[in-house]
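Subject: Structure handover

Hello,

Here is the structure for you to look over. My notes follow below.

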Amino acid sequence: MSDFEDIAAVSRLLAFGFQPGLTPRRNAEYAALVSRYRTDPAFARLLHAAARGFDLTVIAVGPRAGLVLGATAETQFAVSIADHIRQPADRPIAALAHLAIAALAYYRPEDLDDESHVGRVTVRHVDEMVEQAAKELERRAAEADEDDGVPVDHPDLVQLWRYYQRRNPVAPTGDARAHSKSRHAIIKRVAEYLADNGMLRRAGNENGGTYTTTARYQIQVREMAGQQMLGELAALGVTVGPDSKPAFSSPDTESADAADTVVSPAPAPDEPGA
């Protein structure tokens, strides 16, 4: 091919990468370009160079997820919580929702490397996970007699747990819908944002909304998520059962019998679509 044709092909592959809901399995041209990237080193170098021109990085290119791009601090393509959560007061809840969705979907480290793994999350279970983690942080802070209520061994969760507990989980409106400022409503907006951007797939309405993970999301979590914070949630005793429901046991419980007992979170009130 000529240089112009190569540049056109790279540009086309980048264009496919900007469509997060599209995968090579759904588009033959996309699949051919992904295959060329994986077999033609010169073409691969040209793609990386073109991505750098947009202040982007190539995280992965494969037949399952296609082209997965990452944003640098300089790029105009970068997104933040502020882009999809307009109210500043709701953003701490949304930040914890993003973290909990990732932790719930990939609660075992090996899940991030298992291409056959499909995580399953629901709005209610995400809320239960954060609520139980918040209660454990509160317990540890009380035991340590820390005046500000911030466990010193969890600096990345500073004060967020108290903020989360102040917000009502559901707070139904007069017509039985979840109030827009409730925790469930904010978690739902985060999940819908991830679904709109090819990270999750909508799988049902039970438990406030059920979603499954995509290959693109697995790659993003594995390569770019804060592994330290995921580890901190795991250290709080959060586990996930075969039904994808979070359970909780305190790792610091002194009683051996209690340490072997996993206590499931109390069910939340029924909500629309559950």
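In which loop is D55 found? D55 sits in the loop between α3 (41-53) and β1 (56-62); helices (H or I, at least four residues) and strands (E, at least two) are DSSP runs, numbered from the N terminus. D55 is not a glycine, yet has a positive phi of about 60°. Its relative accessible area is 33%, so D55 is partly exposed (buried is under 20%, exposed over 50%, partly exposed in between; 1.4 Å probe, protein chains only).

This is a predicted model: local features need pLDDT of at least 70, side-chain atom pairs count only at pLDDT 80 or more, and totals for chains, interfaces and linings use all residues. Residues are numbered from 1 along each chain as its sequence is written, and side-chain values use heavy atoms, with hydrogens and water left out.

N207 also has a positive phi, about 55°, and is not a glycine. N207 lies in the loop between β4 (200-204) and β5 (210-213). N207 counts as buried because its relative accessibility is 19%.

Now the core. The largest nonpolar core has 31 residues (buried Ala, Val, Leu, Ile, Met, Phe, Trp, Tyr and Cys joined through side-chain atoms within 4.5 Å). I101, L194, L200 and Y217 have the most contacts inside it. At least two core residues come from each of α5, α6 (123-143), α8 (183-196) and α9 (215-224). The largest share, 10 residues, is from α5.

Two further loop positions: F77 lies between β2 (66-71) and α4 (81-84). D114 lies between α5 (91-105) and β3 (120-122). F77 is partly exposed, at 43% relative accessibility. D114 is partly exposed too, at 31%.

Best wishes
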